[in-house]
Amino acid sequence: MPTRRPRPGSSLLGFVALACAVTALLFLLLELPGPDDTAWRGGTVRVGYALEPPYAYRTPEGTVTGEAPEVARAVLTRAGITRMRWVLGDFNALIPDLLAGHIDMIAAGMFITPDRTARVAFSLPSSVVGQGLLVRRGNPRGLHDYASLAGRGEVTVAVLDGAVEHRQLLQLGMPAERLLLVPDAHAGMTAVRKGRVDGLALSGPTVVLLARQHPDELEAARPFTQPVIEGRSVAGLCAFAFRKEDTVLAARVNEQLRTFIGSPEHLALVRPFGFDATTLPPWSAPGGLPPGD
């Protein structure tokens, strides 16, 4: 039986096809973290967020928006990173998800705190905000601060599980049994509307936005005295968070934040979410900290 001779060039074509397949596989492997290597290697950035307007939320059409996602989208694009995947999670699960390698970056209006700094690397702050209290229309309990809540045994308050307001109220003596832990701002707002709690403790911009959604039922407590703990104001600095080993990604974001925060483009972008020049972080103002600090 005669031996069939390969057609000229068929071996070369087969080798090229194999090489292309191997190259495509290598690119895929480089883009996905291995089980023991959670550092970002380029490609798509998986951005974790929680539902807390105006920091992060989804429109009825399903678009992820809010102050944090919009600023993240802007600085990542300016850094040449245009492939982003938005991953929704409960607020208190964002850092565990980041450390486990399920996401590469947190964009959720997360406050910088010492315990969080011990676990993750924060970017330069993108905003500074104070606290607030969402109450029923007319503020029937007469709530105007966090400090007096501990002594009012009839008052119950909702807080986001893991949020700074939760810790602040405990530090001010609020008994844990009078705090309702909720997974997101919408759940806390619903608890206030239904009378399950007397208020929802969250950051000022979030409280204002929630009150606007149901003006006949809810309002932001006014006047409101900002909490002071251990003699210091606790106004929060919001920033993006990364795994500590992801120095390349964090550096690229910080490089863009230095020139973007406080620019006319930035202020126009965040104005619809209730942020303005008064919420700019100290480092971006004249006489603030040098960008490299």
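Cavities: I searched the whole structure, a predicted model, and found two cavities of 30 Å³ or more, a cavity being a set of points on a 1 Å grid over the protein atoms alone where a 1.4 Å probe fits but cannot get out. Each volume is the space filled by probe spheres set on the points, with grid points joined across faces, edges and corners.

On conventions, I note that residues are numbered from 1 along each chain as its sequence is written. Local features need pLDDT of at least 70 and side-chain atom pairs count only at pLDDT 80 or more, while totals for chains, interfaces and linings use all residues, and side-chain values use heavy atoms, with hydrogens and water left out.

Largest cavity: I read a volume of about 80 Å³, and I listed its lining residues (those with an atom within 4 Å of a point) as Glu 52, Tyr 55, Phe 91, Ala 108, Gly 109, Met 110, Phe 111, Arg 116, Ala 163, Val 164, Glu 165 and Ser 203. Strand E5 (105-111) and helix H5 (164-171) are the elements that give two or more residues to this lining, helices (H or I, at least four residues) and strands (E, at least two) being DSSP runs numbered from the N terminus. E5 gives the most, with four residues. By class I recorded seven nonpolar, two polar and three charged residues, where Ala, Val, Leu, Ile, Met, Phe, Trp, Tyr, Cys and Pro count as nonpolar, Asp, Glu, Lys and Arg as charged, and the others, Gly among them, as polar.

Second largest cavity: I read about 40 Å³ here, with a lining that includes Glu 67, Ser 126, Ser 127 and Asp 276. Helix H9 (residues 264-270) gives the most to this lining, with three residues, and I recorded four nonpolar, four polar and two charged residues.

Conventions
On a 1 Å grid over the protein atoms alone, a cavity is a set of points where a 1.4 Å probe fits but cannot get out, and a pocket is an open set with protein on both sides within 12 Å along at least five of seven lines; lining residues have an atom within 4 Å of a point.
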